[in-house]
Amino acid sequence: MERPDPSKTKTTAPSESCDAELNRRGFLMRSTAALMAGLASAAHSQQIHDAQKARKDSSRSDPGPENQPLRDANPNVFEPPVTDHGETPAIWNSFSVAHRRLLEGGWSRQVTVADFPLSKDIAGVNMRLTAGGIRELHWHDAAEWAIMLTGSARITAIDNEGRSFVRDVVKDDLWFFPSGIPHSIQGLAPDGCEFLLVFDDGKFSEANTTQISDWTGHTPIEVLAKNWGVSEQATEAVYKQPAEGHFIFQQPVPPPLREDEKTSRSSVDFSFPMHSMEPTIKTRSGEIRIIDSRNFKVPNFTISAAHVVVKPGGLRELHWHQNADEWQYFIAGKGRMTVFFNGGKARTADFNAGDVGIVPRTFGHYIENTGDRDLVFVEMFKAPLYMDLSLNEWVSNTPPELVMQHLGISLETVQSIPRTKQGIVPA
């Protein structure tokens, strides 16, 4: 066996071995120190993050008294989007917090400019009539637009030629009575009705209407008798009615319509059967029915409207109205709306059934379904014609380079935006 040549075999001195071990230990110590420093730095950063989050959470906390049901129904009011900014007037109100005038035969409650300062052009009344309950024969200075919410009713009116009108209306039907047109509403079997009344004057009040029993009861008996061509004795019952009129009162359910129609001679149809109307706009995420003077042909028409259904996750697209404020009533579901007030100001609010919203003329807004069922609402305008423009129309029909220069978006993005009005866009 060949032995190795000692002259060719490398040996390590004891000092060199010691130095190597020291270097290895130093490296490990330095690595460990670096790792520990890194961990300490990370822990410090986490501590800073946690402290910042705690301060943020503390800033947003509300340890004092709170109306919890109202807070739960309005999450975007309690915790507004970061895009909300500036001092803006309220865009939300609700019939659910309005005083309810309870009477035998039904009830009434209203939202006017006194309750909702931004609503200068339109006031609303929510009314319920039992089967047989009557909203007394009356008229008012403001024009009246209405939608049936539940049940059915019989409406009567006298046109400008003194001819009578009688019609039965059901859920989703409309009616319109111009200023000064006398009319009545009576609930039908089996359970009467509930409806929304909209008036083209924000200062309107149900307490300021001309009611037949109120007027006649405050006319001297000899004058009333002379006017009717009867004896004073024949008019005595008039003066036994309530001093301020009946307003709403209970009576038997009226006879079949064919009986009352015998007196109907008017050629004017003050009602509109929206329950059988096809949608004006329909997408897979909802539908819109527009009713204005082009299809509801009643004299002196002053209130146009859109009946809107938005499916869960859908969006009533960003848009504005050129000719009137938008007054909204929410019938079903849950949604949110942001109104842009110009000058860097915006405000968001949540809406539930029975709530009322307002958008000033020309102000941009959207309405999004944030619930798990259809969002249903009506938009109303003090204008004979419905008008709107959408953000999509504006952007996609403007020279693309101009839009890119303003918004910093790409040509591909500009070209992807729909060129026509969508009405309702999908989730």
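Student: How does threonine 362 count by its relative accessibility?

Tutor: Start with the general rule: buried means under 20% relative accessible area, exposed means over 50%, and partly exposed lies in between (1.4 Å probe, protein chains only). Threonine 362 has 39% relative accessibility, so it counts as partly exposed. A word on the source: this is a predicted model, in which local features need pLDDT of at least 70 and side-chain atom pairs count only at pLDDT 80 or more, while totals for chains, interfaces and linings use all residues. Residues are numbered from 1 along each chain as its sequence is written, and side-chain values use heavy atoms, with hydrogens and water left out.

Student: Where does threonine 362 lie?

Tutor: Helices (H or I, at least four residues) and strands (E, at least two) are DSSP runs, numbered from the N terminus. Threonine 362 is in the loop between strand 21 (355-359) and strand 22 (365-369). Its phi is near 75°, a positive value in a residue other than glycine. Aspartate 172 also has a phi near 75°, and it lies in the loop between strand 7 (164-170) and strand 8 (174-177).

Student: How many helices and strands does the protein have?

Tutor: There are nine helices and 25 strands. Of the 427 residues in the protein, 41% are buried.

Student: How does strand 3 pair with strand 2?

Tutor: Two strands pair if DSSP finds at least two bridges between them. Strand 2 (residues 101-103) and strand 3 are antiparallel, with three bridges. Arginine 101 has serine 108 of strand 3 as its bridge partner. Two residues lie between the strands of this hairpin, where glycine 105 takes a positive phi near 110°.

Student: How many bridges does strand 3 form with strand 4?

Tutor: Strand 3 pairs with strand 4 (residues 123-129) over six bridges, again in the antiparallel sense. Valine 111 stands opposite glycine 124 in strand 4. Five of the six residues of strand 3 (residues 106-111) are buried.

Student: Is phenylalanine 116 buried or exposed?

Tutor: Phenylalanine 116 is buried because its relative accessibility is 1%. This residue sits in the loop between strand 3 and strand 4. The C-alpha atoms of phenylalanine 116 and tryptophan 92 are separated by 8.1 Å, although the two are 24 residues apart along the chain.

Student: Which residues have the most contacts inside the largest nonpolar core?

Tutor: A nonpolar core is a set of buried Ala, Val, Leu, Ile, Met, Phe, Trp, Tyr and Cys residues joined through side-chain atoms within 4.5 Å. The largest one has 75 residues, and those with the most contacts inside it are Trp145, Trp175, Phe195, Leu196, Trp327, Tyr329 and Met380. Strand 6 (residues 144-158) gives the largest share of this core, eight residues. Leaving aside neighbours within four places in sequence, tryptophan 145 is in contact with residues including Trp175, Leu196 and Met380.

Student: Which salt bridge does lysine 311 form?

Tutor: A salt bridge is a side-chain nitrogen of Lys or Arg within 4 Å of a carboxyl oxygen of Asp or Glu. By this rule the count comes to 17. Lysine 311 meets aspartate 374 at 3.9 Å, N to O. Lysine 311 lies in the loop between strand 16 (304-310) and strand 17 (315-320), and aspartate 374 in the loop between strand 22 and strand 23 (375-381), so the pair ties together parts that are 63 residues apart in sequence.

Student: Which residues are linked with Lys421 in a network of salt bridges?

Tutor: Arg316, Glu379 and Asp388 are linked with Lys421 in that network. The side chains of lysine 421 and aspartate 388 are 2.5 Å apart, N to O. Lysine 421 is partly exposed because its relative accessibility is 32%, whereas aspartate 388, at 10%, is buried.

Student: Where is the cis peptide bond at proline 190?

Tutor: The cis bond joins alanine 189 and proline 190, with omega about 10°. Proline 190 is in the loop between strand 9 (183-187) and strand 10 (193-199).

Technical notes:
Contact means heavy atoms within 4.5 Å.
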